[in-house]
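Below are some notes on the model for your review. Please read them alongside the coordinates.

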Amino acid sequence: MTPSSRRLLLASIHDVSPRFDGEIDRLAALLHPHVGERLAMLVVPNHWGEAPLVPGSAFATRLRSWADRGIEMFLHGYFHRDDARHVGGTDRLKARFMTANEGEFMALSRAEAGKRIADGRKLVEDVIGVPVAGFIAPAWLYGAGALEAVSEAGFALAEDHFRVWSPASGEQLARGPVITWASRTRLRLASSLAAAGTLRRISPDVLRIGVHPPDARHPVLVRSIDKTFAIAARKRRPGRYADLLAGRRRDFQ
Ligand SMILES: [Zn+2]
């Protein structure tokens, strides 16, 4: 079957940081036969405050060459880790159990979120030499302050687990959950394989698939990712998030 031009496959590698350079290379190689350079990378400026992206470093040079080849670069938080104290019990539970404290932008004030966005954007854009494609919060979690700061920054694109939207225009661009794998614990790994199996059978017009560095360490996940992309690419054209903009948006709603 020929892939329909109306149905898009959007692939992304999360947590792109010098901390995970080996895993990122392996994931890029795994996805390449399926999507080529039609891929997004989600860049963390300083993962956990321990892995700064340094202009002029070998990793920064690789990031720039990926961007030069057309890979979309998104700003993905700043530190990635949620160090804030959550006031509400529900938020605290959500932060701890759903994301292993990776929801950096859940509890930030508008001012703090805005500062981290401005600092991170400047750093990443200095490194890649072009504007970032957009912003995606760690663990897809946005608090009220973060949402305001993302709108204020005027990014063309943002996404959470269930949708893609344009903070610049306020328009929703695509709906449907992201297929992703969780590899932190054996239980989560098993449940994410089951979820990916189910999600492979659903059929949104825009199918997003996101992979994370730890996925590359588990052969069972690598096989699942490979199979999922093979199935998804049969009926969809690998595309870029920017394809959702530029007047073609209505085709993908
Ligand atoms: Zn992340």
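**Notes on a histidine and the zinc site**

1. His212 is buried, its relative accessible area being 17%; the cut-off for that label is under 20%. Please keep in mind that this is a predicted model.

2. As for its place in the fold, His212 sits in the loop that runs between strand S11 (206-211) and helix H7 (219-235).

3. Which residues is His212 in contact with, leaving aside neighbours within four places in sequence? They are His14, Asp15, Leu27, Trp140, Thr180 and Trp181. With one of these, His14, the side chain of His212 makes a polar contact of 3.4 Å.

4. Asp15, also in contact with His212, is a donor to the zinc ion through OD. The spacing of the donor residues in sequence is D-x60-H-x3-H. Asp15 belongs to strand S1 (residues 4-16) and His80 to the loop between strand S5 (72-75) and helix H3 (89-99), so this pair ties together parts 65 residues apart in sequence.

5. Both Asp15 and His80 are buried. The relative accessible area is 7% for Asp15, and His80 has a relative accessibility of 4%.

6. Asp15 has a positive phi of about 60 degrees, although it is not a glycine. His80, likewise not a glycine, has a positive phi of about 80 degrees. Asp15 lies in strand S1, whereas His80 is in the loop between S5 and H3.

Note on methods
Residues numbered from 1 in each chain as written. Predicted model: local features only at pLDDT ≥ 70, side-chain atom pairs only at ≥ 80, totals over all residues. Heavy atoms only, no water. Helix = DSSP H or I, 4+ residues; strand = E, 2+ residues; numbered from the N terminus. Buried < 20%, exposed > 50% of the residue type's maximum accessible area, 1.4 Å probe, protein only. Polar contact = N/O pair within 3.5 Å; in protein donor to acceptor, adjacent residues only side chain to side chain. Contact = heavy atoms within 4.5 Å. Donors = N, O, S within 2.8 Å, 3.2 Å for Na, K, Ca; no water.
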